[in-house]
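Below is a short briefing on one model, arranged by topic. Please read it alongside the sequence and the coordinates.

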Amino acid sequence: MHATISHPNDLDAHWMPFTANRLFKSAPRLFVGAEGNYYLSSDGRRILDGMAGLWCVNAGHGHPRIREAIKAQADGLDYVSCFQMGHPEAFTLANRMVGMLPDGLDHVLFSNSGSEAVDTALKVALAYHRRRGEGGRYRLIGRARGYHGMGFGGLSVAGISRHRRDFGPLLPGTAHLPHTLDLARNAFSRGEPEHGVELADDLERLVQIHDASTIAAVIVEPVAGSTGVLPPPKGYLKRLREICDKHGILLIFDEVISGFGRLGASCAAEAFGVTPDMITCAKGLTNGAVPMGATVVGKHIYDAFMTGPEAAIELFHGFTYSGHPLACAAGLATLQVYEEEGLFERTRKIADHWEQAAHALKGAPHVIDIRNIGLVAAIEFAPRPGGPGQRSAECAEACYQDGVLVRAGADLIVLSPPLTIEPDEIDRIFASIRKALDAIA
Ligand SMILES: Cc1ncc(COP(=O)(O)O)c(C=O)c1O
């Protein structure tokens with residue numbers, strides 16, 4: 001297998017996602033195995049995974065319990081639709097999730113990715129208001145620097161301009177809150193920053209402009225991830241909840257990253273003690289082993305649909321692979337692993353070491369901010385004059401050569417290791433970054 005795929009011509013047909021295709025194909029970086037906190041690269045090196053795959057392999061790669069569960073399911077029922085039929089594992093998984101999540105998150109719609117979970121949540125919000133005779137509530141509010149996947153719905157409420165600009169006008173009727181990054185007041189904060197609760201009040205401004213009767217929902221990542229790890233300012237999420245309640249606006253937390261242990265709790269709603277009307281999740285739900293997304297809604301939302309003739313379909317929405325048996329098997333095994341290995345509690349314990357190790361980089365060349373919460377962190381660099389983004393790209397490459405995989409963004413290194421990471425591995429990640437920074441101009 002290695003001999004054939006290592007030839008550049010063979011790499012041509014795959015149009016790789018979010019990748020500089022020509023650059024990659026001129027010097028491919030291929031992985032051929034993974035176990036625990038490490039990848040095995042095609043050149044035979046063990047690479048410490050500082051990203052948990054892509055914020056998803058929370059229990060570590062190739063967990064035997066999860067692997068066995070998927071195999072066993074494939075040997076039994078490979079596929080059945082969840083339209084007008086079903087299989088036991090979909091119901092069991094939904095029950096397990098609801099049992100694990102905070103009260104008020106009671107019913108689960110399955111999908112296949114974070115993007116689908118988000119678009120599902122946005123559609124449910126619109127349909128919910130319509131069911132209740134408030135169909136005039138069509139407006140969806142996101143936030144600057146938000147990331148909600150690549151569907152047209154998620155992209156419309158997202159706030160990263162480079163992701164949006166090539167794709168036309170997107171959904172009409174959206175608006176955006178300001179982002180919460182404030183380097184002047186909050187640089188080098190540990191956990192939730194002190195300043196910025198008042199940024200939630202911008203929702204009142206949007207209500208004044210658009211009128212609450214046109215607003216269906218607000219969606220935010222409780223901890224913005226892809227844009228470079230922005231923990232919410234103290235009190236911000238609570239304030240957002242209060243303003244939503246005041247105006248009858250649904251609050252959606254996009255927990256695709258923050259769900260399933262990343263913050264040392266089942267989800268950010270639990271970690272911050274603020275319960276939204278819906279959460280979206282994916283990634284850590286199946287430990288990344290089989291694609292799955294889910295939208296978890298409050299009883300009040302579900303009940304609003306459970307009216308009218310019993311024989312009528314209540315929501316015209318779903319996917320061929322909603323509640324796929326392999327994904328459900330992976331999800332059930334994953335949740336069991338989280339519980340039995342106490343990974344959320346372990347995350348809370350080790351987060352202290354993580355924080356100390358991250359903030360020890362304060363004063364390293366080019367570092368202008370370090371942000372962390374749970375087992376996630378970002379290190380922000382001053383851009384190189386005339387070369388924005390170069391320092392982080394060079395830093396990530398140097399770390400990779402050193403055997404550590406970190407993710408580079410625009411002048412950022414973003415980290416979210418498996419929750420099984422050991423203290424010496426944490427030290428290794430930050431030592432590798434320090435070494436790289438010392439060598440970068
Ligand atoms: C907060 C958030 N929402 C949605 C998504 C989209 O998930 P997916 O790539 O599975 O569609 C992501 C992916 O990183 C995410 O971080």
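Strand 12 is covered on both faces: Val376, Ala378 and Glu380 are buried on one side, and Ala377, Ile379 and Phe381 are buried on the other. Buried here means that 20 or more other C-beta atoms, placed from the backbone, lie within 10 Å of the residue's own. This is a predicted model, in which local features need pLDDT of at least 70 and side-chain atom pairs count only at pLDDT 80 or more, while totals for chains, interfaces and linings use all residues. Residues are numbered from 1 along each chain as its sequence is written.

- Strand 12 (residues 376-381) is largely enclosed by the rest of the structure, because six of its six residues are buried.
- In a regular strand, side chains alternate between the two faces of the sheet.
- Helices (H or I, at least four residues) and strands (E, at least two) are DSSP runs, numbered from the N terminus.
- Strand 11 (residues 367-373) pairs with strand 12 in the antiparallel sense over six bridges; two strands pair if DSSP finds at least two bridges between them.
- Arg371 has Ala378 of strand 12 as its bridge partner.
- The hairpin of strand 11 and strand 12 has two residues between the strands, and Gly374 in this hairpin takes a positive phi near 50°.
- Strand 12 is also joined to strand 15 (residues 412-415) by four bridges, and these two run antiparallel.
- Val414 in strand 15 is the bridge partner of Ala378.

- Seven strands form an open sheet of mixed pairing, in the order 4-10-9-8-7-5-6.
- Strand 4 (107-111) and strand 6 (174-177) are the edge strands, each pairing on one side only.
- Neighbouring strands of this sheet are turned by 20° against each other on average, direction ignored; axes are lines fitted to C-alpha atoms, for helices over the stretch in contact, and angles run from 0 to 180 degrees between N-to-C directions.
- Strand 8 (residues 250-254) and strand 9 (residues 278-281) run parallel and are joined by three bridges.
- Asp254 has Thr280 in strand 9 as its bridge partner.

**Around the ligand**

- The ligand has 14 residues around it, of which Ser113, Gly114, Ser115, Gly149 and Val256 come nearest; a residue is near if its C-beta atom, placed from the backbone, lies within 6 Å.
- Helix 6 (residues 114-131) gives the most to this shell, with three residues.
- By class, the shell has five nonpolar, seven polar and two charged residues, with Gly counted as polar.

Technical notes
Buried ≥ 20, exposed ≤ 12 C-beta atoms within 10 Å, placed from the backbone.
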